[in-house]
Amino acid sequence: MRTATYFFIFLNLSLAVFEEPAVYPLPFLVTSLLEVLCLLVFFGRLAHFAKVTLRSVFWKDTKNICIMAAILLSLTDLAIYGVLRIYNVRSIRWSRIVRPIFLINFAESRQIRRAFRSIRNTLPEITYVFLLFMFSLLMFSLMALKLFGERNLQTAEGLPYFKNYLEIVFDLYVLVTTANSPDVMMPAFDFSSWYALFFIAFVIVNTYIFMSLFLAVVYNNYKKHLKVTFGGVNCD
């Protein structure tokens with residue numbers, strides 16, 4: 001039963017590859033039948049677990065409630081989507097986001113649940129570093145707006161360069177990964193090579209300092225919570 005549960009969880013998660021918009025599209029009837037089959041298996045697994053568990057214990061376990069809610073939401077969304085499709089009304093499958101719940105909450109997924117719990121416990125402790133990083137990004141974006149916004153520069157595509165604050169924030173956020181380097185700085189560099197100093201300072205502060213600090217905080221806190229979890233505390 002454990003192997004069958006894992007197989008149908010994998011099949012349910014894999015349906016996103018074949019549902020619209022899909023990489024390898026399959027007819028809606030095929031994907032919907034496969035999803036209903038997976039949900040029936042999940043319901044059967046839950047019903048089997050309920051028969052071998054005390055009723056008071058079963059209903060107090062939030063994992064079982066989450067699985068039941070995910071099954072109901074998935075069936076409801078599938079029915080609504082199917083009806084709207086019949087009347088050629090465009091809609092989206094919003095219940096796809098609940099599919100990982102099956103992977104996390106079944107009893108067989110204890111190790112995954114422990115890792116997920118460690119990630120959840122780590123998030124509050126990295127918030128401060130993330131906020132500092134966002135503050136630095138917003139300040140550099142404001143400086144970029146003041147430096148380049150009034151110089152009527154244009155990108156290679158002929159679009160205004162660093163005129164909109166939110167677009168600047170996004171461009172500099174991408175620059176943290178160096179994915180758009182050096183393209184993002186070329187209009188300013190062509191105007192004056194001294195402007196390269198601004199982007200060099202940004203990369204040093206945000207990519208090499210903040211990202212390293214962020215990674216260190218995430219790693220240390222995750223390792224700490226993982227050690228506590230597998231050490232016997234917070235185990236199922």
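Predicted model: local features only at pLDDT ≥ 70, side-chain atom pairs only at ≥ 80, totals over all residues.
E19 lies in the loop between α1 (2-14) and α2 (28-51), and R96 in the loop between α4 (62-86) and α5 (100-105), so the pair ties together parts that are 77 residues apart in sequence. E19 is buried, at a relative accessible area of 5%, whereas R96, at 22%, is partly exposed.

E19 also forms a salt bridge with R99, where the closest N and O atoms are 3.0 Å apart. Here too the loop between α1 and α2 is tied to the loop between α4 and α5, because R99 lies in the latter; the two residues are 80 apart in sequence. R99 is buried, with a relative accessible area of 3%. E19, R96 and R99 are among the members of a network of salt bridges that also links E35, D77 and R93.

Another salt bridge joins the side chains of E20 and R85 (3.6 Å, N to O). With E20 in the loop between α1 and α2 and R85 in helix α4, this pair ties together parts 65 residues apart in sequence. Both are partly exposed, E20 at a relative accessible area of 46% and R85 at 33%.

Turning to helix packing, α6 (residues 110-148) and α7 (residues 165-176) pack at an angle of about 120°, their axes 9 Å apart. The two helices are therefore oblique to each other, and their crossing is right-handed. Residues of α6 including F133, L137 and F140 meet residues of α7 including Y165, I168 and L172. By class, this contact has 13 nonpolar residues, one polar and no charged ones.

Conventions:
Residues numbered from 1 in each chain as written. Heavy atoms only, no water. Axes fitted to C-alpha atoms, helices over the stretch in contact; angles between N-to-C directions. Helix = DSSP H or I, 4+ residues; strand = E, 2+ residues; numbered from the N terminus. Parallel < 35°, antiparallel > 145°, perpendicular 65-115°, else oblique. Left-handed = near helix turned anticlockwise from the far one by under 90°. Contact = heavy atoms within 4.5 Å. Nonpolar A, V, L, I, M, F, W, Y, C, P; charged D, E, K, R; others polar. Buried < 20%, exposed > 50% of the residue type's maximum accessible area, 1.4 Å probe, protein only. Salt bridge = Lys/Arg side-chain N within 4 Å of Asp/Glu carboxyl O.
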